[in-house]
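Hi there,

Here is the structure I promised to pass on to you. Have a look at it first, and then read my notes below.

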Amino acid sequence: EKSGYDHFMLKEIFEQPQTIFDSLRGRLDAKSGTLTLGGIREHAAILSQAKRIIIVACGTSWHAGLVAEYMIEELCRVPVEVEYASEFRYRNPVVGEGDVIIAVSQSGETADTLVAIESAKQKGAIILGVCNVVGSSIARLSHAGAYTHAGPEIGVASTKAFTAQLAVLCMIGLKVAQEKGTITQQRFQHLLDELDAISEKVATTLKLNDQVKQIADKYKDARDFLYLGRGYNFPVALEGALKLKEISYIHAEGYPAAEMKHGPIALVDENLPVVFVATRDSYYEKVVSNIQEIKARKGKVIAVVTEGDQTIPGMADDVIEVPAADELIAPILSVIPLQLLAYHIGVLKGFDVDKPRNLAKSVTVE
Ligand code: M6R
């Protein structure tokens, strides 16, 4: 069942070219320039008239929601908020008719997310589910939705569900943007082409496995890690830090790179590995100066960059090169080395990466 892999987590990381492909299949047709999301077709008008969109999720799914916030605001010009389901539920939020809630959940059974959408539904909001498990409670409670087709995820650490969520949320953003007329035909087609090419690039990225394993060996004894990124890569930094915490029990924090100088920079010394998610995008120059700030304080920099980067390799201690992609979908690639890094550090430290201590696959208590 692990198909020759040592752990489900590694198997699931390596399944990503296929699972992303499966999530796009039958929906995206780059050749004809069409995008069909059967599950939201009837609600496309409501979605495009939404005054705002609220994304509700927990953990890794919440990180996917953060990427979607950037995507949807950019593509659809509608305000998007991303909420921790537990906080959203218990603070008596202002929500009602005209609001669209997107609930993102691999299992579709996460109690916090489920109760959050139950109450929003009662108040008149339209609920869209982005779930992986077909027929799950959240999927059933939603008015409409689009499944991620990542297949069963066994490893407690979510990996392939995350990249499938990013692919599906991007398609939802594109569909709404098309409906609203907030995207040019050229940009729409470009993003379809980019999505169409992403599985192949994920396969290329997975070839970095041995290199990432060496980096894992070099840093496995660190006590803390910092993960930094900006823009679309900021949630990737959060996700990288969460993966490391869960699997290797090393304390790790993710931050938007620029926030570092508002506090966390005090932690930096020669013992602190700082992982930068620094692919070529509109934030690139700014990230380069953040790297300089870390190096000036003797931090160890591990950078995930775009293939062919001329600047960062001269500054960083370790560099991981991923294929170029449009910044909207670059997180699908940049997260992969971080999944592998957490995996290898966990394995090198002798931990049960498929069943980390204190964690359950789905959290069905509030
Ligand atoms: O099934 P869900 O996507 O609703 O689960 C949400 C979180 O519990 C989940 O992502 C958790 O954070 C994972 N262990 C992360 O790897």
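Five strands form an open sheet in the order E9-E8-E10-E11-E12, with parallel pairing. (Strands, E, of at least two residues, and helices, H or I, of at least four, are DSSP runs numbered from the N terminus; two strands pair if DSSP finds at least two bridges between them.) At the edges are strand E9 (251-256) and strand E12 (318-322), each pairing on one side only. On average, neighbouring strands of this sheet are turned by 15° against each other, direction ignored.

Before I go on: this is a predicted model, where local features need pLDDT of at least 70 and side-chain atom pairs count only at pLDDT 80 or more, while totals for chains, interfaces and linings use all residues. Residues are numbered from 1 along each chain as its sequence is written, and side-chain values use heavy atoms, with hydrogens and water left out.

Strand E11 (residues 300-306) runs parallel to E12, and five bridges join them. Val304 stands opposite Ile320 in E12.

Now for the helices. The axes of helix H8 (residues 160-180) and helix H13 (residues 330-348) come within 9 Å and cross at roughly 170°. (Axes are lines fitted to C-alpha atoms, for helices over the stretch in contact, and angles run from 0 to 180 degrees between N-to-C directions.) H8 and H13 are therefore roughly antiparallel to each other, a label for angles over 145 degrees. Phe162, Thr163, Leu166 and Ala167 of H8 make the contact (heavy atoms within 4.5 Å) with Pro331, Ile332 and Val335 of H13.

Enjoy exploring!

Note on methods:
Parallel < 35°, antiparallel > 145°, perpendicular 65-115°, else oblique.
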